[in-house]
Amino acid sequence: MKKFKKLFTALISTATTISLMTGCAAGNNQQASSGSSGGKDGKIVVGFSQVGAESEWRTANTKSVKESAEKDPQIELKFSDAQQKQENQIKAIRSFIAQKVDVIAFSPVVQTGFDTVLQEAKTAGIPVILTDRAVDADPSLYKTMIGSDFVEEGKKAAQWMLDNVKTDKPVNIVELQGTVGSAPAIDRKAGFEEIIKDHTNYKIIKSQTGDFTRTKGKEVMEAFLKSNGKNINVVYSHNDDMAIGAIQAIEEYGLTPGKDIKIISVDGVKGAFEAMMAGKLNASIECNPLLGEQLMQAIKDVKAGKELPKWIKTEEGIFDTTNAAKEFPNRQY
Ligand code: AHR
(Lines give C-alpha, C1' and ligand atoms only; values in the text may rest on other atoms or scores of the structure.)
Protein backbone atom coordinates (compact mmCIF):
# COMPACT_ATOMS: atom_id res chain seq x y z
CA MET A 1 0.00 0.00 0.00
CA LYS A 2 2.86 2.35 0.98
CA LYS A 3 4.56 1.53 -2.37
CA PHE A 4 1.32 2.31 -4.25
CA LYS A 5 0.96 5.68 -2.43
CA LYS A 6 4.56 6.64 -3.37
CA LEU A 7 3.95 5.74 -7.04
CA PHE A 8 0.68 7.73 -7.05
CA THR A 9 2.40 10.85 -5.62
CA ALA A 10 5.21 10.57 -8.17
CA LEU A 11 2.68 10.31 -11.03
CA ILE A 12 0.75 13.36 -9.82
CA SER A 13 3.90 15.47 -9.53
CA THR A 14 5.12 14.42 -13.04
CA ALA A 15 1.69 15.29 -14.49
CA THR A 16 1.80 18.71 -12.81
CA THR A 17 5.29 19.39 -14.20
CA ILE A 18 4.19 18.38 -17.71
CA SER A 19 1.12 20.57 -17.51
CA LEU A 20 3.20 23.55 -16.30
CA MET A 21 5.68 23.03 -19.14
CA THR A 22 2.89 22.85 -21.69
CA GLY A 23 1.39 26.02 -20.26
CA CYS A 24 4.73 27.71 -20.58
CA ALA A 25 5.12 26.66 -24.19
CA ALA A 26 1.65 27.94 -25.02
CA GLY A 27 2.55 31.24 -23.39
CA ASN A 28 5.67 31.50 -25.55
CA ASN A 29 3.69 30.76 -28.67
CA GLN A 30 1.26 33.50 -27.85
CA GLN A 31 4.13 35.92 -27.40
CA ALA A 32 5.69 34.81 -30.69
CA SER A 33 2.51 35.47 -32.61
CA SER A 34 2.56 39.04 -31.33
CA GLY A 35 5.82 39.52 -33.20
CA SER A 36 8.75 38.77 -30.93
CA SER A 37 10.60 35.47 -31.04
CA GLY A 38 13.94 36.49 -29.45
CA GLY A 39 17.21 35.19 -30.91
CA LYS A 40 19.90 32.84 -29.68
CA ASP A 41 21.04 33.74 -26.15
CA GLY A 42 18.23 36.30 -25.89
CA LYS A 43 19.61 38.41 -28.76
CA ILE A 44 17.43 40.92 -30.62
CA VAL A 45 16.78 39.43 -34.07
CA VAL A 46 16.84 42.14 -36.75
CA GLY A 47 15.74 41.68 -40.35
CA PHE A 48 17.51 44.24 -42.55
CA SER A 49 16.52 44.79 -46.18
CA GLN A 50 19.17 46.70 -48.12
CA VAL A 51 18.51 48.56 -51.41
CA GLY A 52 21.25 46.73 -53.36
CA ALA A 53 24.91 47.18 -54.22
CA GLU A 54 24.54 49.95 -56.80
CA SER A 55 27.23 52.35 -55.59
CA GLU A 56 30.40 52.83 -53.55
CA TRP A 57 28.17 54.57 -50.99
CA ARG A 58 25.90 51.53 -50.70
CA THR A 59 28.85 49.16 -50.24
CA ALA A 60 30.11 51.34 -47.38
CA ASN A 61 26.61 51.45 -45.87
CA THR A 62 26.22 47.65 -45.99
CA LYS A 63 29.68 47.20 -44.41
CA SER A 64 28.79 49.64 -41.65
CA VAL A 65 25.50 47.86 -40.83
CA LYS A 66 27.04 44.35 -40.90
CA GLU A 67 30.13 45.28 -38.88
CA SER A 68 28.14 47.18 -36.26
CA ALA A 69 25.77 44.21 -35.87
CA GLU A 70 28.67 41.75 -35.58
CA LYS A 71 30.30 43.87 -32.89
CA ASP A 72 27.12 44.15 -30.86
CA PRO A 73 26.56 41.16 -28.54
CA GLN A 74 22.84 41.98 -28.26
CA ILE A 75 22.09 41.84 -32.00
CA GLU A 76 21.53 38.97 -34.44
CA LEU A 77 21.27 40.29 -38.03
CA LYS A 78 19.40 38.70 -40.93
CA PHE A 79 20.51 40.55 -44.10
CA SER A 80 18.70 40.64 -47.42
CA ASP A 81 19.72 42.43 -50.67
CA ALA A 82 16.78 43.76 -52.74
CA GLN A 83 18.89 44.32 -55.88
CA GLN A 84 17.28 47.75 -56.42
CA LYS A 85 13.80 46.17 -56.78
CA GLN A 86 10.90 47.18 -54.56
CA GLU A 87 9.13 43.83 -55.05
CA ASN A 88 12.20 42.01 -53.64
CA GLN A 89 12.17 44.33 -50.67
CA ILE A 90 8.49 43.74 -49.95
CA LYS A 91 9.09 39.97 -50.19
CA ALA A 92 12.02 40.24 -47.75
CA ILE A 93 9.95 42.24 -45.25
CA ARG A 94 7.10 39.68 -45.46
CA SER A 95 9.61 36.90 -44.87
CA PHE A 96 10.96 38.73 -41.80
CA ILE A 97 7.40 39.02 -40.50
CA ALA A 98 6.85 35.28 -41.07
CA GLN A 99 10.10 34.52 -39.23
CA LYS A 100 8.85 36.67 -36.32
CA VAL A 101 12.00 38.79 -36.09
CA ASP A 102 12.09 41.33 -33.24
CA VAL A 103 12.77 44.43 -35.36
CA ILE A 104 12.68 45.15 -39.10
CA ALA A 105 15.00 47.78 -40.57
CA PHE A 106 15.17 48.76 -44.22
CA SER A 107 16.41 51.36 -46.65
CA PRO A 108 13.49 51.79 -49.06
CA VAL A 109 14.33 51.49 -52.77
CA VAL A 110 11.57 53.97 -53.64
CA GLN A 111 9.47 56.37 -51.62
CA THR A 112 5.93 55.06 -52.16
CA GLY A 113 4.10 51.71 -52.11
CA PHE A 114 5.14 50.37 -48.72
CA ASP A 115 1.90 51.14 -46.79
CA THR A 116 0.44 47.63 -46.92
CA VAL A 117 3.56 45.77 -45.85
CA LEU A 118 4.28 48.32 -43.11
CA GLN A 119 0.74 47.80 -41.83
CA GLU A 120 1.37 44.03 -41.87
CA ALA A 121 4.49 44.52 -39.70
CA LYS A 122 2.53 46.73 -37.31
CA THR A 123 -0.27 44.17 -37.03
CA ALA A 124 2.34 41.50 -36.25
CA GLY A 125 3.71 43.73 -33.50
CA ILE A 126 7.12 44.16 -35.16
CA PRO A 127 8.59 47.67 -34.96
CA VAL A 128 10.12 49.09 -38.16
CA ILE A 129 13.11 51.44 -38.43
CA LEU A 130 13.94 53.20 -41.71
CA THR A 131 17.58 53.88 -42.56
CA ASP A 132 19.04 56.18 -45.20
CA ARG A 133 15.83 56.79 -47.20
CA ALA A 134 12.36 57.93 -46.17
CA VAL A 135 8.94 56.63 -47.27
CA ASP A 136 5.69 58.41 -48.01
CA ALA A 137 3.56 56.61 -45.44
CA ASP A 138 1.68 57.19 -42.20
CA PRO A 139 4.46 57.97 -39.67
CA SER A 140 2.79 55.69 -37.11
CA LEU A 141 3.90 52.75 -39.31
CA TYR A 142 7.59 53.21 -38.43
CA LYS A 143 9.52 54.22 -35.31
CA THR A 144 12.20 56.48 -36.78
CA MET A 145 14.19 57.32 -39.90
CA ILE A 146 17.98 57.52 -39.57
CA GLY A 147 19.56 59.39 -42.46
CA SER A 148 20.47 62.50 -44.39
CA ASP A 149 18.55 65.58 -45.43
CA PHE A 150 18.60 65.03 -49.20
CA VAL A 151 16.86 68.35 -49.97
CA GLU A 152 19.64 70.12 -48.09
CA GLU A 153 22.25 68.19 -50.11
CA GLY A 154 20.63 69.37 -53.36
CA LYS A 155 20.63 72.94 -52.04
CA LYS A 156 24.30 72.74 -51.07
CA ALA A 157 25.19 71.44 -54.56
CA ALA A 158 23.36 74.36 -56.23
CA GLN A 159 24.86 76.90 -53.86
CA TRP A 160 28.36 75.55 -54.55
CA MET A 161 27.68 76.01 -58.27
CA LEU A 162 26.42 79.60 -57.82
CA ASP A 163 29.48 80.45 -55.71
CA ASN A 164 32.02 78.82 -58.01
CA VAL A 165 30.59 79.08 -61.51
CA LYS A 166 29.86 82.81 -61.26
CA THR A 167 28.65 84.42 -64.46
CA ASP A 168 25.79 86.38 -65.97
CA LYS A 169 26.02 84.34 -69.16
CA PRO A 170 23.77 81.30 -69.70
CA VAL A 171 24.89 78.20 -67.78
CA ASN A 172 23.62 74.94 -69.27
CA ILE A 173 23.29 72.21 -66.68
CA VAL A 174 22.69 68.50 -67.32
CA GLU A 175 21.35 66.48 -64.43
CA LEU A 176 22.03 62.80 -63.75
CA GLN A 177 19.17 61.70 -61.52
CA GLY A 178 19.23 58.80 -59.07
CA THR A 179 16.74 55.91 -59.12
CA VAL A 180 13.32 57.09 -60.27
CA GLY A 181 10.94 57.48 -57.33
CA SER A 182 13.68 57.18 -54.68
CA ALA A 183 13.83 59.75 -51.89
CA PRO A 184 17.37 60.95 -52.72
CA ALA A 185 16.50 61.46 -56.41
CA ILE A 186 13.29 63.36 -55.61
CA ASP A 187 14.77 65.49 -52.84
CA ARG A 188 18.17 66.24 -54.39
CA LYS A 189 16.39 67.48 -57.51
CA ALA A 190 13.95 69.59 -55.49
CA GLY A 191 16.69 71.17 -53.33
CA PHE A 192 18.84 72.04 -56.35
CA GLU A 193 15.92 73.56 -58.28
CA GLU A 194 14.82 75.55 -55.25
CA ILE A 195 18.18 77.37 -55.13
CA ILE A 196 18.56 78.05 -58.86
CA LYS A 197 14.98 79.18 -59.47
CA ASP A 198 15.81 82.88 -58.94
CA HIS A 199 18.98 82.72 -61.05
CA THR A 200 17.46 82.61 -64.48
CA ASN A 201 20.70 82.20 -66.45
CA TYR A 202 21.27 78.78 -64.80
CA LYS A 203 19.12 76.22 -66.64
CA ILE A 204 18.77 72.46 -66.46
CA ILE A 205 18.70 71.61 -70.16
CA LYS A 206 18.61 67.81 -69.81
CA SER A 207 17.70 65.55 -66.92
CA GLN A 208 17.62 61.75 -66.92
CA THR A 209 18.07 58.88 -64.52
CA GLY A 210 21.36 56.99 -64.31
CA ASP A 211 19.98 54.78 -61.53
CA PHE A 212 22.87 55.71 -59.19
CA THR A 213 25.31 53.47 -61.12
CA ARG A 214 28.58 54.23 -62.94
CA THR A 215 27.58 52.31 -66.05
CA LYS A 216 24.26 54.10 -66.50
CA GLY A 217 25.76 57.48 -65.53
CA LYS A 218 28.28 57.03 -68.35
CA GLU A 219 25.62 55.92 -70.86
CA VAL A 220 23.33 58.86 -70.08
CA MET A 221 26.23 61.34 -70.23
CA GLU A 222 27.23 59.93 -73.64
CA ALA A 223 23.69 60.63 -74.86
CA PHE A 224 23.76 64.17 -73.38
CA LEU A 225 27.09 64.85 -75.12
CA LYS A 226 25.76 63.49 -78.39
CA SER A 227 22.77 65.85 -78.33
CA ASN A 228 24.30 68.93 -76.62
CA GLY A 229 28.08 68.43 -76.80
CA LYS A 230 30.03 71.62 -76.18
CA ASN A 231 26.95 73.52 -74.98
CA ILE A 232 27.08 71.71 -71.65
CA ASN A 233 28.69 73.78 -68.88
CA VAL A 234 27.81 71.86 -65.71
CA VAL A 235 26.94 68.27 -64.72
CA TYR A 236 24.87 67.93 -61.55
CA SER A 237 24.96 64.26 -60.55
CA HIS A 238 22.83 62.85 -57.72
CA ASN A 239 25.73 60.61 -56.69
CA ASP A 240 29.48 60.16 -57.13
CA ASP A 241 29.27 56.91 -59.07
CA MET A 242 27.24 58.47 -61.89
CA ALA A 243 29.63 61.46 -61.86
CA ILE A 244 32.61 59.11 -62.26
CA GLY A 245 30.79 57.45 -65.19
CA ALA A 246 30.15 60.92 -66.66
CA ILE A 247 33.85 61.84 -66.30
CA GLN A 248 34.76 58.81 -68.45
CA ALA A 249 32.18 59.80 -71.07
CA ILE A 250 33.47 63.41 -71.18
CA GLU A 251 37.08 62.26 -71.60
CA GLU A 252 36.12 59.86 -74.37
CA TYR A 253 34.23 62.70 -76.07
CA GLY A 254 37.45 64.72 -76.10
CA LEU A 255 36.63 67.34 -73.43
CA THR A 256 38.32 67.91 -70.07
CA PRO A 257 36.11 67.08 -67.07
CA GLY A 258 36.40 69.63 -64.27
CA LYS A 259 37.51 72.34 -66.71
CA ASP A 260 35.45 72.34 -69.92
CA ILE A 261 32.53 70.94 -67.97
CA LYS A 262 32.25 71.51 -64.22
CA ILE A 263 30.98 68.50 -62.26
CA ILE A 264 29.20 68.54 -58.91
CA SER A 265 27.96 65.38 -57.22
CA VAL A 266 26.75 63.98 -53.91
CA ASP A 267 28.16 61.34 -51.48
CA GLY A 268 31.84 62.11 -50.80
CA VAL A 269 33.13 58.57 -51.34
CA LYS A 270 36.86 57.82 -51.81
CA GLY A 271 36.43 57.53 -55.60
CA ALA A 272 35.11 61.10 -55.64
CA PHE A 273 38.05 62.34 -53.56
CA GLU A 274 40.47 60.74 -56.03
CA ALA A 275 38.63 62.42 -58.91
CA MET A 276 38.71 65.78 -57.08
CA MET A 277 42.43 65.42 -56.38
CA ALA A 278 42.94 64.73 -60.11
CA GLY A 279 40.94 67.91 -60.89
CA LYS A 280 38.26 65.95 -62.77
CA LEU A 281 35.42 66.41 -60.27
CA ASN A 282 34.84 69.89 -58.84
CA ALA A 283 32.79 69.21 -55.72
CA SER A 284 31.07 66.45 -53.78
CA ILE A 285 28.42 67.11 -51.16
CA GLU A 286 28.78 64.64 -48.32
CA CYS A 287 26.13 62.00 -47.60
CA ASN A 288 27.30 59.81 -44.74
CA PRO A 289 26.70 56.03 -45.19
CA LEU A 290 28.13 55.03 -41.80
CA LEU A 291 24.75 54.52 -40.16
CA GLY A 292 25.39 51.10 -38.60
CA GLU A 293 26.11 52.12 -35.02
CA GLN A 294 23.20 54.56 -34.86
CA LEU A 295 20.95 51.84 -36.22
CA MET A 296 22.04 49.31 -33.56
CA GLN A 297 21.43 51.90 -30.84
CA ALA A 298 17.98 52.74 -32.23
CA ILE A 299 17.07 49.03 -32.36
CA LYS A 300 18.01 48.59 -28.68
CA ASP A 301 16.17 51.78 -27.72
CA VAL A 302 13.01 50.67 -29.54
CA LYS A 303 13.14 47.27 -27.83
CA ALA A 304 13.60 49.03 -24.48
CA GLY A 305 10.39 50.97 -25.17
CA LYS A 306 12.09 54.36 -25.62
CA GLU A 307 10.43 57.00 -27.81
CA LEU A 308 12.71 58.07 -30.67
CA PRO A 309 12.61 61.25 -32.75
CA LYS A 310 10.86 60.59 -36.09
CA TRP A 311 14.03 61.67 -37.93
CA ILE A 312 17.59 61.11 -36.66
CA LYS A 313 19.50 63.40 -39.02
CA THR A 314 23.07 62.83 -40.18
CA GLU A 315 25.64 65.67 -40.03
CA GLU A 316 27.44 66.29 -43.32
CA GLY A 317 30.02 68.54 -45.00
CA ILE A 318 31.03 69.84 -48.44
CA PHE A 319 34.26 68.90 -50.23
CA ASP A 320 35.86 70.33 -53.34
CA THR A 321 39.21 70.58 -55.10
CA THR A 322 40.42 73.08 -52.46
CA ASN A 323 40.17 70.71 -49.46
CA ALA A 324 40.00 67.16 -50.97
CA ALA A 325 43.71 66.30 -50.57
CA LYS A 326 43.77 67.45 -46.94
CA GLU A 327 40.60 65.49 -46.08
CA PHE A 328 41.42 62.31 -48.04
CA PRO A 329 43.52 60.59 -45.31
CA ASN A 330 40.59 60.95 -42.86
CA ARG A 331 37.98 59.39 -45.12
CA GLN A 332 36.55 56.07 -43.95
CA TYR A 333 34.56 55.24 -47.07
O1 AHR B 1 20.23 56.76 -50.58
C2 AHR B 1 21.53 57.20 -50.68
C3 AHR B 1 21.98 57.13 -52.09
O4 AHR B 1 21.86 55.84 -52.58
C5 AHR B 1 23.43 57.50 -52.32
O6 AHR B 1 23.64 58.84 -52.56
C7 AHR B 1 23.70 56.73 -53.57
O8 AHR B 1 25.06 56.66 -53.92
C9 AHR B 1 23.08 55.45 -53.22
O10 AHR B 1 23.01 54.54 -54.18
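Reader: Leaving aside neighbours within four places in sequence, which residues is Ser182 in contact with?
Author: This is a predicted model. In it, Ser182 is in contact with Val109, Val110, Gln111, Arg133 and Phe212, once neighbours within four places in sequence are set aside.
Reader: Is Ser182 buried or exposed?
Author: Ser182 has a relative accessible area of 0%. The cut-off for buried is under 20%, so Ser182 counts as buried.
Reader: What lies 2.8 Å from a polar atom of its side chain?
Author: The backbone oxygen of Thr179 does.

Reader: Let's zoom out. How many helices and strands are there in the protein chain?
Author: The chain has 11 helices and 12 strands. It has 333 residues, and 50% of them count as buried.
Reader: And what share of the contacts join residues at least 24 apart?
Author: Take contacts between residues at least 6 apart in sequence. Of those, 75% join residues at least 24 apart.

Reader: Now the core. Which members of the largest nonpolar core touch the most other members?
Author: Met161, Ile173 and Met221 do, in a core of 49 residues. There is also a second, separate core of 26 residues, which includes Ala82, Ile97, Val101 and Ala137.
Reader: What is Met161 in contact with, leaving aside neighbours within four places in sequence?
Author: Ile173, Phe192, Ile196, Tyr202, Val234 and Ile264. In soluble globular proteins, nonpolar side chains tend to be buried together.

Reader: Switching to charges. How many salt bridges does a search of the whole structure find?
Author: It finds 21. One of the salt bridges joins the side chains of Asp72 and Lys300, at 2.6 Å from N to O.
Reader: Where do Asp72 and Lys300 sit?
Author: In distant parts of the chain, 228 residues apart. Asp72 is in the loop between helix H2 (56–71) and strand S2 (75–81), while Lys300 is in helix H10 (residues 292–303).
Reader: Are Asp72 and Lys300 buried or exposed?
Author: Both are buried.
Reader: What are the relative accessible areas of Arg94 and Glu120?
Author: Arg94 has 38%, and Glu120 has 29%.
Reader: Which residues are linked in a network of salt bridges?
Author: Glu54, Arg58, Asp132 and Arg133.

Reader: Back to H10. Which of its residues are buried?
Author: Gly292, Leu295, Met296, Ala298, Ile299, Lys300, Asp301 and Val302.
Reader: What do the buried residues of H10 pack against?
Author: Against H2 and several strands: S1 (44–50), S2, S3 (103–106), S4 (128–131) and S5 (144–147).
Reader: How far apart are the end C-alpha atoms of H10?
Author: They are 17 Å apart. At 1.5 Å a residue, its 12 residues should span 16 Å, so the two values agree.
Reader: What follows H10?
Author: Gly305 does, with a positive phi near 80°.

Reader: What about the ligand? Which residues surround it?
Author: Glu54, Ser55, Trp57, Arg58, Asp132, Arg133, Phe150, Pro184, Arg188, Phe212, Asn239 and Asp267.
Reader: How far is an oxygen atom of the ligand from an N or O atom in the side chain of Arg58?
Author: The distance is 2.9 Å. A polar side-chain atom of Asn239 also lies 2.9 Å from a ligand oxygen. For the side chain of Asp267, an N or O atom is 2.6 Å from an oxygen of the ligand.

Reader: Last one. Where is Gln89 found?
Author: In helix H3. Gln89 is at 0% relative accessibility, so it counts as buried.
Reader: And what does Gln89 touch, not counting residues up to four places away in sequence?
Author: Ser49, Gln50, Val51, Ala82, Phe106, Ser107, Pro108, Val109 and Phe114. The C-alpha atoms of Gln89 and Ser107 are separated by 9.1 Å, with the two residues 18 apart along the chain.

Technical notes:
Residues are numbered from 1 along each chain as its sequence is written. This is a predicted model: local features need pLDDT of at least 70, side-chain atom pairs count only at pLDDT 80 or more; totals for chains, interfaces and linings use all residues. Side-chain values use heavy atoms; hydrogens and water are left out. A nonpolar core is a set of buried Ala, Val, Leu, Ile, Met, Phe, Trp, Tyr and Cys residues joined through side-chain atoms within 4.5 Å. Buried means under 20% relative accessible area, exposed over 50%, partly exposed in between (1.4 Å probe, protein chains only). Contact means heavy atoms within 4.5 Å. A polar contact is a pair of N or O atoms within 3.5 Å; within protein, one must be able to donate a hydrogen and the other to accept it, and residues adjacent in sequence count only if both atoms are side-chain atoms. A salt bridge is a side-chain nitrogen of Lys or Arg within 4 Å of a carboxyl oxygen of Asp or Glu. Helices (H or I, at least four residues) and strands (E, at least two) are DSSP runs, numbered from the N terminus. The expected span of a helix is 1.5 Å times one less than its number of residues. A residue is near a molecule or strand if one of its heavy atoms lies within 4 Å of it.
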